[in-house]
4 protein chains.
Amino acid sequence: MLLHQYKTVRQLSEEICLPLETEDYVVQPIIDVSPPKWHLGHSTWFFETFVLKPYLPNYQEFNPQYNFVFNSYYETLGARVIRTDRGNLSRPTVSQVYQYRKHVDEAMHELLQQNLADETIEILILGLNHEQQHQELLWYDIKYILGHNPLFPAYADEHIENRIFTIVQQADWHYFPEGLYKIGYQEDGFCFDNELAPHQVYLQPFSLATDLVSNQEYLNFMETGGYQDFRFWHQEGWDWVCKNQIKAPLYWHNINNQWQTYTLSGLKNIHLHRPVMHISYYEAAAYAAWRGCRLATEFEWEAASAKLNWGQLWEWTESAYLPYPGFSKAPGAIGEYNGKFMVNQKVLKGASVATAAGHQRKSYRNFFHPHLRWHYNGIRLAK
Amino acid sequence: MLLHQYKTVRQLSEEICLPLETEDYVVQPIIDVSPPKWHLGHSTWFFETFVLKPYLPNYQEFNPQYNFVFNSYYETLGARVIRTDRGNLSRPTVSQVYQYRKHVDEAMHELLQQNLADETIEILILGLNHEQQHQELLWYDIKYILGHNPLFPAYADEHIENRIFTIVQQADWHYFPEGLYKIGYQEDGFCFDNELAPHQVYLQPFSLATDLVSNQEYLNFMETGGYQDFRFWHQEGWDWVCKNQIKAPLYWHNINNQWQTYTLSGLKNIHLHRPVMHISYYEAAAYAAWRGCRLATEFEWEAASAKLNWGQLWEWTESAYLPYPGFSKAPGAIGEYNGKFMVNQKVLKGASVATAAGHQRKSYRNFFHPHLRWHYNGIRLAK
Amino acid sequence: MLLHQYKTVRQLSEEICLPLETEDYVVQPIIDVSPPKWHLGHSTWFFETFVLKPYLPNYQEFNPQYNFVFNSYYETLGARVIRTDRGNLSRPTVSQVYQYRKHVDEAMHELLQQNLADETIEILILGLNHEQQHQELLWYDIKYILGHNPLFPAYADEHIENRIFTIVQQADWHYFPEGLYKIGYQEDGFCFDNELAPHQVYLQPFSLATDLVSNQEYLNFMETGGYQDFRFWHQEGWDWVCKNQIKAPLYWHNINNQWQTYTLSGLKNIHLHRPVMHISYYEAAAYAAWRGCRLATEFEWEAASAKLNWGQLWEWTESAYLPYPGFSKAPGAIGEYNGKFMVNQKVLKGASVATAAGHQRKSYRNFFHPHLRWHYNGIRLAK
Amino acid sequence: MLLHQYKTVRQLSEEICLPLETEDYVVQPIIDVSPPKWHLGHSTWFFETFVLKPYLPNYQEFNPQYNFVFNSYYETLGARVIRTDRGNLSRPTVSQVYQYRKHVDEAMHELLQQNLADETIEILILGLNHEQQHQELLWYDIKYILGHNPLFPAYADEHIENRIFTIVQQADWHYFPEGLYKIGYQEDGFCFDNELAPHQVYLQPFSLATDLVSNQEYLNFMETGGYQDFRFWHQEGWDWVCKNQIKAPLYWHNINNQWQTYTLSGLKNIHLHRPVMHISYYEAAAYAAWRGCRLATEFEWEAASAKLNWGQLWEWTESAYLPYPGFSKAPGAIGEYNGKFMVNQKVLKGASVATAAGHQRKSYRNFFHPHLRWHYNGIRLAK
């Protein structure tokens, strides 16, 4: 069963890349985007480094230099390619990366036919969840690479964005009373260390919108001067707007007085009844301020989640990404997984159409810096 | 009584600057530091703009161009001198700024002899608290300006740093049980909008150190390689250490193998039994990690404050600076006071020797970006 | 004959790229390097824009958007991809670029079977010389891309660097008397506008070294502290050394106390009797100063060229790249070819192993900014 | 007589600063501008370091730390304050700098009553010329400091700019035949090392305008879109225009549709018949290109100077600042005077109203980077 799960996850990464040209695997237009071949290599390196080398006797490393190339933030394991350099590396080639995947997969198949210690299974499960996180990033990064090419090439006709539904009605409000709520992962399966430990949080009464904000609603904000009025913005948000001359969500282009947006099917007119997406935390917060509302905290969101319709777009929260009470880093390189990012980032809740099914849980804590927009995200109002 | 209070506060700003040379009032060595003459002018501009112009009939504005020069972040009120430019302005001269103060003070004396509406009193009280905040910044900035001059001039022999006590014993722990605690300002006097509204917070059991970390303890961290081991650091903290080649707290200089530090009395040997100060959040968190501990949240700190010996150095907390439940910005320019900074900053609790007596309350929320070090701050461990 | 010439030049560009992987065509590790596929597309765009569109009736443009992608500095012709963005473009693909070349080549073959006006021939000849210049850049850029990959892949076994000879003897001096010398292109064939018009220059007596500086000689400079002593350097050169921590020529790596250098065959030990190469003007000038010598002016070099052994490495001169007396820009886009670069660059004389045979003439004026090193260059001393 | 000359030069530096407020002495709004107190200290440090310490027995150094503060580019003499930091130094105070001047002047008076060796006289004369150069920079820097203050304070009513004459007529042309001309300083007095050695230069026939370009003429260029048409610009000039959004000369402000300019008497309307000034080399060259002309070379200018009306504004030339044939740096710190700047700068000829009378000679070579504009400069056309 683990073998099946392993194969399914590993195969999906390659399927996501199927429509790509070799050249699309290589580039890194901004620091936050990684070249697709790097994702394919890095997730493979994880299994080689943390599973095969320690647990498969006689495992033959594919290429010792790959440790340098495909290591990411695991500083415990030696020098790594600095992030801004990833897009300058033409080698290893895409074909070599696929060979690397094949080499590691074959060894993993061998390993997975043996009886495995709990410790091995645990790290293997982490590796699969890790690869699923990189699958989501693959979607973001592929869209960015194609959507910032002056030729605006389509990814394909069939893709995840087709799953995003239409909002038919004006959002209403769900009310939640004050009281103690239980927060954090409380089940038996896998979760990331940042979702632990479950603990009580006291919440004041609050209300969350039943639906995400639509493109039509966001256009109203734009057209009434939302991007020109500093009163709605955090100081840093306003500086970001001015410095980067932000006037619309990412991927929006005003062509002959018609707002169009790059989608995985190419440039399309804005669909007014779909949820607005690809906005920064600053924009989400400014929009909420303009509406006289606010964003939810991650605790409110989690407490309310059973009542919400979620899972299409990550929802920016007001919460900073901080350790839960009693959080502690695992020892060694694995300990670098989450804790080291717990400053200056914002929590997003709720999953997107790019998120693996298994990650669609209410306790999942996604996090990004407040100025980033290339992930699938949207706005839910709170008050 | 208001008049007396006004005079006392206004006078203190000028007393702090008494030992300065004219030239010391002018420079801005880094973006976070403002020239002392700017503080003197800006706090005066506050009274002129928000009190005299609206409430004193026939008030004669001192100089309309000063609105441009001494406005800070109040974007509602028109173009302002961008922060990095403050140190390039030789005019208005220091003497003109003192004349400006005199002009406004005389008008304020006139106003304060009248019966004032509650609204007027409210904004006046805010102006006094605002000036007291700038008095604290004056201390920080004067120390930075003199302490980064290659001649290391002393400020004076008598000064606030003399009030910092010696730690005689190893810190012990105070234990606090889990439960609901009331957080926020609950009294009748003045407080800032960010301390409201009072609300309940549920805390897990926690312990706080009885004393701050000493220079001796911090030296141990330095000497066992704390600045060279990324495992103790946040990713952004580690990048900050590497990029800026940080090896010790701000103001520390290793001269002939002896650690010295710039104090307001000039360069002195490190006093091992005094609390370590002038460190960034990143350093505070790394030190705590090295000790196997953590920093307190602002809620833990406030709940525990009655048991703590505090008020000498601001204490970095793990908490991000975020709105309390129900927080809302005041309308107009005054509304820009606090809310717009509520992203990417860390809360500090507890006051310092540079803090006005009236600001030494447990609900006060100070905040700085995590890399800043020039304010009076220290480390209290939690677990 | 023109057709033959056209085919030969066009074919060579593709032959240079033959050993490349698709991925190697795409990346742009620094702003000065262009992706190989861009060179292939840009030189093709030149023929399409300046020859086919104006002179071949019914010519069908391959793709109008390519004008945007493959335009370089010809601002007359509309928006262009800013240089730093070239390495972010995965599309058009390498295969599409080769199709573009094929499409243009077929149309050019058609055109070249007709009787052509002088004007058409002139621009066509310019296009061929232009492509030859990009062939030289292809060599530089391919070396940079492979030589800055952590895997240090070899380009091939057979390549232009094999033509660089060994210096067997200590350099001697050629003496030239003062007097009037004729400078500039004085023959009948093609030359670039910057080589015109021929004119007289009065030179003081001077001497040039018979040979280029060897790696052994340059190592002496390094080992006696040449990179640590500001007295040998221009102020800007010294700032460049300090800021970039320059300690050796480009591509040199000190591995286990042995200097190695990346060559097109991979990493190799330094060959002490080969000429030093890949140094900046700053380094060339500092080396000369250390030897108590100087670099030649471009006029001295040209006057002396018949006596020199040259053609393997471009030789930095002391001369700034400036217009010759009577220089005037051609009208229209072609006029942007050379004149607009005539500030803040240094002239190099003499050609390299990467230079087309037809460009190996004494009047040729190559030019680069003084800090650049990735072209094939070396040092000849003057006094 | 030397004593008298010394007194006269030294006094002038202080007279230039007489109208300044203490605060004006301190600031450094851009890296190219130095605080006036730095000029006063640096020129004093020159005499202390190169004259008093070596040649006056028992000379008592004023303050050993001043060597660090007032050293400029003389890297031979140890660590120096990096240029961007000069404006952050409030100490030494202005009053201390004047004491420093007094201390050094008294010692110099003592020295100057003795019989001096030729070597001592030579360095003393260099020191006086050096201070005169800094007097010219004082004018530039004072104008920049006051002219970039939002209050636009006047320097005084009487000042050097009053000496700039009105151009009454359209410029005509002076013709000069081709031939050998003698260039460089050929007299007996003092000159800088960069004016040597005198040597012959062969010039093609050329013509220079009799007058500088007027504000009216330059306005024509502006109003016909000169700043919007890249064809007139060097590539680097165009990048500079776009990046900095340059639309007019430095100090020009369009206020209510009237061009005004900051002068040492404050903001004034543009005087159409005065020469345009405070433009960069890029602007000068673009203007010339728009007129179908060019700038002179420094050799043409020097050869023609007897026929020209010059001395009010430095005139940008096309020439790069390079060593004359046979130029060699003096040994030791003095050798850093000029040679180290001989890359990436442009020569200006002819002196300005801010130039010391003794520096108004045809062989004087002034030099600035091509983007700089804060010195007194103008445009003379050539063809």
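A: The contact between chain B and chain A draws on 36 residues from chain B and 36 residues from chain A, where contact means heavy atoms within 4.5 Å. This is a predicted model, in which local features need pLDDT of at least 70 and side-chain atom pairs count only at pLDDT 80 or more, while totals for chains, interfaces and linings use all residues. Residues are numbered from 1 along each chain as its sequence is written, chains are lettered from A and ligands numbered from 1 in the order in which they are written, and side-chain values use heavy atoms, with hydrogens and water left out.

Chain B and chain A bury about 2800 Å² between them, 55% of it on carbon and sulfur atoms; buried area is the accessible area (1.4 Å probe) that two parts lose on being put together, summed over both. Across this interface of chain B and chain A there are 0 salt bridges, a salt bridge being a side-chain nitrogen of Lys or Arg within 4 Å of a carboxyl oxygen of Asp or Glu. Of the interface residues of chain B, 100% are also interface residues in chain A, so the copies meet through the same surface.

Chain B is superposed on chain A by a rotation of 180° with 0.0 Å of shift along its axis, at an RMSD of 0.0 Å (least squares on the C-alpha atoms of residues with pLDDT of at least 70 in both copies). That is the relation of a two-fold axis. Among the residues of chain B, Asn344(B) comes closest to the rotation axis, with its C-alpha at 2.4 Å.

Turning to the other pair, chain C can be laid on chain D by a turn of 180° and a shift of 0.0 Å along the axis, with an RMSD of 0.0 Å. Their contact takes 36 residues from chain C and 36 residues from chain D. The area buried between chain C and chain D is about 2800 Å², with 55% given by carbon and sulfur atoms, and the count of salt bridges between chain C and chain D is 0. Here 100% of the interface residues of chain C are also interface residues in chain D, so the copies meet through the same surface.
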